[in-house]
Amino acid sequence: MSKIKLTIDNRQVEVESGTTIYKAARELGIDIPVLCYMDLHDLNIENKPAGCRICVVEVEGRRNLAPSCSTNCEEGMVVKSHSVRVLNARRTVMEFILSDHPKECLTCLKSGHCELQDMAVKLGIREIPGEAIAEMSTYRLDTSPSIVRNLDKCIMCRRCETMCNDIQTVGALSAIHRGFMAVVAPAFEQNLEHSTCTYCGQCVAVCPTGALTEVNHTNEVLRHLADPSKTVVVQTAPAVRAALGEEFGMEPGELVTGKMVSALRSLGFDFVFDTDFAADLTIMEEATELLSRLQNHLEGDGTARLPILTSCCPGWVNFFETNFPELKDVPSTAKSPQQMFGAIAKTYFAEKQNIKREDMIVVSVMPCLAKKYECQREEFSTDGNPDVDISISTRELAAFIRQANIDFKTLPDEEFDNPMGESTGAGVIFGTTGGVIEAAVRTAYELHTGKKLEKVDFEQLRGLEGVREASIDFNGLELRIGIAHGLGNARKLLNDVRDGKSKYHAIEIMACPGGCIGGGGQPFHHGKSEILKARASALYREDQDKPIRKSHENPFIKVLYDEFLGEPNSEKAHKLLHTHYFDKKKRITIKQ
Amino acid sequence: MHLLVCGGTGCRASESAGIEAKLKSELEKRSLDQSVQVISTGCFGFCEKGPIVKVMPDNTFYTQVTPADAETIVAEHVVKGRRVESLIYTDPSSKEKVEESAKMGFYKKQLRIALRNCGFINPENVDEYIARDGYLALGNIITGMKPQEAIEIMKESGLRGRGGAGFPTGLKWDLTARTEADQKYVVCNADEGDPGAFMDRSILEGDPHSVLEAMAICGYCIGSDKGLIYIRAEYPLAIERLKIALSQAREYGLLGNNIMGTEFSFDIELRYGAGAFVCGEETALIHSMEGLRGEPTLKPPFPSESGYNGKPTNVNNVETLANIPVIYLKGAKWFSSIGTEKSKGTKVFALAGKINNVGLIEVPMGTTLREVIFEIGGGIKDGKKFKSVQTGGPSGGCLTEKHLDTPIDFDNLIAAGSMMGSGGMIVMDEDDCMVSMARYYLEFTVEESCGKCAPCRIGNKRLHELLDHICKGNGKLEDLDRLVNMSNVIKDTSLCGLGQSSPNPVLSTINNFKDEYDAHVTDKKCPAGQCRDLMEYFIIEENCVGCTACARVCPVAAITGERKEPHLINPAICIKCGACMEKCKFDAIIIQ
């Protein structure tokens with residue numbers, strides 16, 4: 001790579017060729033404002049349509065202003081990032097954008113986290129000239145089980161489109177209409193529910209404004225908490241504890257497990273449990289299923305479907321049901337930890353506590369928006385009573401805590417309740433890409449070989465590379481493992497499986513880039529991929545510190561099998577902990 | 001003897017197909033069908049007086065012919081050798097009959113290079129094109145020239161792109177030729193979108209082979225074997241004739257593998273556009289052909305590096321291509337001897353608006369606007385006063401009296417605050433209001449913006465709203481400053497040529513007709529009497545005889561008065577329909 005010298009705001013800088021003006025300016029500490037641009041470099045995700053034109057700069061010798069986010073530096077270039085011409089243009093363009101944006105900041109769900117609001121503050125916008133005669137582009141509100149689309153607030157940054165099409169290859173969202181009415185929506189402007197949407201929520205995670213938000217379920221939770229006839233049980237997913245602190249100004253990657261438990265108790269939940277417990281249970285079932293399929297395969301059974309695919313991610317389940325329905329018997333039949341938890345809570349635990357099913361409410365706190373849809377699936381209910389009643393996101397929990405006047409940072413650390421609060425390190429790492437399969441390997445190895453696994457850390461399974469693979473020696477049997485996070489990466493592995501070319505025995509797939517730590521319900525990363533890395537390392541840290549790090553050694557799991565389920569993959573386990581999948585290609589309609 | 005009947009879209013719409021059929025049957029009746037041929041040609045350009053029938057070899061030019069006239073033409077002209085006087089064109093200023101086209105004011109100053117075969121040959125017969133030295137240039141080049149030699153000739157000729165931007169064609173070819181790739185493409189941009197412009201359509205309808213030949217030459221020069229013509233689906237006749245031309249060229253071995261027995265292979269495919277104006281922008285056009293949304297992307301990279309499917313692509317406009325075969329036949333020197341210093345050759349213009357001779361003309365670069373409007377165009381309709389001419393289509397500028405002696409070329413038009421564009425020329429007279437004219441053009445760009453970048457998507461809408469506000473009499477003086485600032489910022493920050501030029505009509509009318517804007521905002525008057533909200537109907541007391549005709553015709557009973565007494569219009573009730581003024585026989589009603 002050759003070096004290029006240029007001048008920005010009268011200061012010289014030398015950069016690699018191919019560097020954009022925006023990045024070169026950052027090297028000088030010049031922070032050119034960007035709005036539509038987003039760079040999650042650790043995940044190889046970049047959105048630069050050069051559409052908002054906020055980042056324009058003056059380049060000497062050019063007729064027009066240049067968007068710094070996508071204009072490459074050239075040798076000898078002279079750039080001005082804050083000349084009168086630039087500042088006036090930037091402000092005028094911002095006024096244009098605001099003139100077509102509802103002035104609902106006070107009541108907007110995104111208020112305080114809105115990048116458009118921040119930009120208005122940064123640019124010092126105090127009025128919107130011509131507002132009185134400015135028509136607004138308005139659209140139909142669309143509410144799905146997980147995501148609300150209020151496109152009046154869309155600024156056409158196209159980040160959601162990049163995530164949905166380029167990264168996830170879901171293709172539910174793309175620009176439609178043109179000119180003033182141009183907006184990002186499903187084809188034919190149908191509802192999200194009738195599109196190929198998987199509810200992964202990556203569109204929500206990157207939306208700079210309140211155009212895409214989660215369906216808010218906190219009021220329902222509050223109503224149940226206030227009802228003395230209900231026993232309200234809460235479970236918290238592993239990735240939540242690694243991110244919740246960010247909502248209260250704590251550093252990304254700071255683990256807040258104890259404070260979170262304490263806050264949930266203060267909110268009035270009767271039992272505060274850990275989804276990690278159910279994650280351990282998932283491993284028991286999934287590892288057993290893997291070993292049995294493997295065994296059958298090794299014995300020459302042609303019907304044994306390999307590779308086995310993990311099934312704990314609901315966005316991923318929606319994806320293959322819609323895109324690869326012909327492979328619906330390939331993934332593990334094990335339910336996700338959220339649903340295993342609900343099934344056990346409303347049977348085993350309810351019986352133990354002598355609580356009637358209809359009097360128990362199971363709430364889950366998830367880093368995920370697809371979980372909202374998952375818990376509403378018909379097959380996850382008994383006589384119309386769902387195993388998990390309500391799923392709220394990390395962000396919703398944070399808002400809930402704030403509303404309850406809880407000073408989160410000063411809370412004491414508390415422990416989860418038992419019996420469903422005890423978990424191993426294996427359950428914890430479910431929250432990051434590679435974690436589920438690492439947890440499964442720890443258990444499968446010992447079950448298969450009968451030997452004790454000395455080194456439980458499988459470094460080769462970790463990292464943020466989109467597709468990873470590893471082979472692990474299972475006493476002479478080489479177990480080949482594939483890992484993909486992000487549905488676009490999953491599609492690559494799935495195509496191979498469909499074409500019979502896959503070389504793996506087991507594949508872990510997470511819909512969201514980074515796994516659950518980067519889920520659609522997590523605190524907004526605002527395009528900073530360092531945050532995702534910090535969350536992942538927090539989970540590995542918690543795993544490291546756990547006294548027990550293999551799921552099958554969880555004493556409460558042992559008791560659960562002894563007292564209630566019998567053994568993994570038993571008939572009862574199958575009834576409560578396993579599911580089946582549907583062909584949802586036909587779900588896609590052009591109805592409105 | 002040949003009877004040439006115009007088969008262009010305009011004349012077709014006025015039953016020229018019926019004329020053709022009638023001529024044929026009349027000839028057949030008299031057993032003359034073997035000695036006299038009826039040929040359907042491309043557009044003659046003189047659309048104002050269509051349908052056109054031209055008799056060769058005596059050059060008689062019949063205008064406004066109807067199918068009923070066909071019998072007279074055959075009986076009189078063909079059989080008796082007498083010209084049909086009633087169908088001969090009368091010069092509107094001298095009132096003299098002009099029998100031959102070469103002597104008509106409309107044709108005298110024209111020099112037809114791109115249109116050389118339009119109105120001359122049957123576009124559906126490749127033999128007629130070949131008889132006019134068609135495919136000779138291609139043959140000469142592929143059998144006797146190295147690609148680089150041919151590119152040098154193109155550079156020497158000085159030909160610049162006729163699509164609007166005026167980029168040197170030879171240089172474009174050279175850049176694409178120099179980019180290494182396993183596949184390159186030649187694209188013909190036939191997405192003619194300027195309202196009122198139809199030169200590309202006429203060329204494709206009248207002389208499709210010249211475009212195919214030029215594309216093959218380009219393919220040879222840049223090292224491509226694949227051509228694509230992107231044509232709007234609204235041009236069915238052009239598409240039909242292109243299809244016929246393609247199959248005839250293939251049949252003759254002029255397209256396909258090993259053209260004329262050489263190593264060179266080249267074939268062409270048609271791609272249809274849905275009529276979005278922005279798809280005339282080359283990157284948007286390429287994305288549309290790729291099956292993506294027709295949206296522009298930032299340049300660089302230019303298509304010559306990365307175009308269709310990421311491969312080097314040379315995009316040339318129809319008119320540019322039509323010039324190319326002749327340049328190779330007559331030489332670069334011949335071509336560069338025509339025109340001005342920096343703009344060589346000719347340019348086709350579509351004359352429209354308040355002008356006597358509406359139609360398609362081709363003149364050498366450097367011809368003045370005065371020559372075009374008053375000599376070729378025959379001056380302003382109904383003896384009105386010339387006010388302004390809009391060149392360059394909806395995103396060009398309005399030029400005035402003081403620009404009339406400007407020699408037309410790329411650079412002069414830009415210097416005058418307008419542009420060449422694709423060659424639209426709309427003439428306005430004293431009755432046209434320049435504020436509502438600017439509003440009208442903005443209406444078009446608002447409609448046709450793709451919506452990708454904020455300044456074009458929202459800014460143009462705001463410009464349009466403000467112009468509308470002013471036309472309705474609600475404008476303030478400071479609004480004019482806002483118009484100018486918004487216009488400058490939209491030009492300065494927009495992503496593609498559409499937004500970078502869409503405010504031109506606003507800026508040029510403010511520059512040239514400031515007093516008219518002032519009148520709208522300060523006096524609340526429209527000097528041209530066009531803005532309905534600023535007009536007031538008024539009865540001159542002295543002229544009114546009290547006949548009550550106006551009161552009786554008024555649909556809203558706004559006029560009161562006794563019989564034989566002067567009447568009065570109540571402006572609060574008046575809806576400004578103009579019915580009273582039309583009815584008044586005493587010129588008593590005026591607009592103020």
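Select chain B: of its contacts with a separation of 6 or more, 71% join residues 24 or more positions apart. Here two residues are in contact if their C-beta atoms, placed from the backbone, lie within 7 Å. The model is predicted, so that local features need pLDDT of at least 70 and side-chain atom pairs count only at pLDDT 80 or more, while totals for chains, interfaces and linings use all residues. Residues are numbered from 1 along each chain as its sequence is written, and chains are lettered from A and ligands numbered from 1 in the order in which they are written.

Next, colour chain B by pLDDT, the predictor's confidence in each residue, from 0 to 100. The mean for chain B is 94, and 100% of its residues reach 70 or more. For the complex, the predictor gives an ipTM of 0.93 and a pTM of 0.93.

Now view chain B as a whole. Its C-alpha trace spans about 90 × 65 × 40 Å along the principal axes. A cartoon display shows 24 helices and 19 strands in chain B; these are DSSP runs, numbered from the N terminus, with helices (H or I) of at least four residues and strands (E) of at least two.

Turn to the interior. Buried residues form 56% of the 592 residues in chain B, a residue being buried if 20 or more other C-beta atoms lie within 10 Å of its own, exposed if 12 or fewer, and partly exposed in between, with C-beta atoms placed from the backbone. Select Ile217(B) and, leaving aside neighbours within four places in sequence, find its contacts: Ala137(B), Leu138(B), Ile141(B), Ala150(B), Ile324(B) and Tyr328(B).

Then display both chains. Which helices of chain B each supply at least two residues of the side that touches chain A? The contact takes 29 residues from chain B and 31 residues from chain A. Helix H17 (434–448), helix H18 (454–471) and helix H19 (477–493) of chain B each supply at least two residues of the chain B side. H18(B) gives the largest share of that side, 10 residues.

Finally, select chain A by domain. An automatic or database domain assignment supplies the bounds: domain 1 (3–82), domain 2 (99–214) and domain 3 (219–577). The centres of domain 1 and domain 2 of chain A, taken over C-alpha atoms, are separated by 26 Å. Their contact takes 10 residues from domain 1 of chain A and 12 residues from domain 2 of chain A.
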